[in-house]
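Dear colleague,

Please find below the structure that I am handing over to you.

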Amino acid sequence: MYKKIIALLFTGLIAYSCATVPLSGRRQLNLVSNAEVLPLSYDQYDQVLGDSKVLTNSTKGKQVVNVGRKIAAAVEKYLEDNGQSEITEGFSWEFNLLESEQVNAWCMPGGKVAFYTGILPICEDETGIAVVMGHEVAHAIANHARERMSQGMVANGLLGGIQAAMGENPTLTQTIFLQAIGYGGQVGMLKFSRDQELEADQLGLIFMAIAGYNPREAPAFWERMNAQAEGTRPPEFLSTHPGPERRIDQLNDQMEKAMEYYNKNQP
């Protein structure tokens, strides 16, 4: 009887702690809040910048910042128009270009974005940057890192928020958090599930369209990424992602909806 009560309480907690991802409508586990996660995320982002060669003031760096700001503004307007502004509560958008041969980009919780110079040749132009930027911003808007942390806490029997978990098992909770945001050389290389990656593609396609970038360029970007990967070790940006062919098919399936947003937001 005792076990049944515990199981019912656990089920109720999980149901109560669910959130809904914008646009996709998927329900996700959400045991931690922005207030708990974002300060830790911002500290880690600053550490990464301190350990990197930042090229944000270069011509390409300014382009990355410009694209990021346009997409962030589009996202916030979409959320405001749909009564979901609370999703970005506490966000502090920041966009930086870092020197690295890695073909990669990432966004930490709270809108802290980094592009590596290694991905720019595949982006080719501003719209290509927007494809990647939309995808990375989507990870933050969909709270994928928080979802991963919530899943890790449940898997280890840690219920409640971060503070409660820290009181119960501080070492394990810290490890789960650092893995969720990509700490210690793994920043940006977050092991999101393939479903989360495809969801980020879905949201990112809409976000770039709302910002005024032609979403038809998204499949073209992934075709270039696929060509880059053939015959070599896949770029880091592809290492934990669905295959390019699968995501190209999904993007094309969603193109009609994305074009509606794009056409609506043309001057």
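In what follows, two residues are in contact when heavy atoms of theirs lie within 4.5 Å. Please bear in mind that this is a predicted model.

I begin with Gln-196, a residue of helix α9, which covers residues 194-210. With a relative accessibility of 4%, Gln-196 counts as buried, because buried means under 20%. Which residues does Gln-196 contact, leaving aside its neighbours within four places in sequence? They are Arg-26, His-139, His-144, Glu-147 and Arg-148.

The next topic is helix α5, which comprises residues 126-141. The N-terminal end of α5 is capped by Asp-125: one of its side-chain oxygens lies 3.3 Å from the backbone nitrogen of Thr-127.

Two residues in the loops on either side of this helix deserve a separate note. Most residues other than glycine have a negative phi. Glu-124, although not a glycine, has a positive phi of about 75 degrees. Glu-124 belongs to the loop between α4 (120-123) and α5. Asn-143, which follows α5, also has a positive phi, near 55 degrees, and is likewise a residue other than glycine. Asn-143 is in the loop between α5 and α6 (144-155). Asn-143, at 13%, counts as buried.

Finally, I turn to the nonpolar cores. The largest has 57 residues, and those touching the most other members are Ile-71, Phe-115, Ile-119, Met-133, Ile-141, Phe-207 and Phe-221. Not counting residues up to four places away in sequence, Phe-115 touches Val-64, Asn-96, Leu-97, Leu-98, Asn-104, Ala-105, Leu-120, Cys-123, Ile-129, Val-132 and Met-133. There is also a second, separate core of eight residues, among them Tyr-45, Leu-49, Leu-98 and Met-108.

With kind regards

Conventions
Residues are numbered from 1 along each chain as its sequence is written. This is a predicted model: local features need pLDDT of at least 70, side-chain atom pairs count only at pLDDT 80 or more; totals for chains, interfaces and linings use all residues. Side-chain values use heavy atoms; hydrogens and water are left out. Helices (H or I, at least four residues) and strands (E, at least two) are DSSP runs, numbered from the N terminus. The expected span of a helix is 1.5 Å times one less than its number of residues. A polar contact is a pair of N or O atoms within 3.5 Å; within protein, one must be able to donate a hydrogen and the other to accept it, and residues adjacent in sequence count only if both atoms are side-chain atoms. Buried means under 20% relative accessible area, exposed over 50%, partly exposed in between (1.4 Å probe, protein chains only). A nonpolar core is a set of buried Ala, Val, Leu, Ile, Met, Phe, Trp, Tyr and Cys residues joined through side-chain atoms within 4.5 Å.
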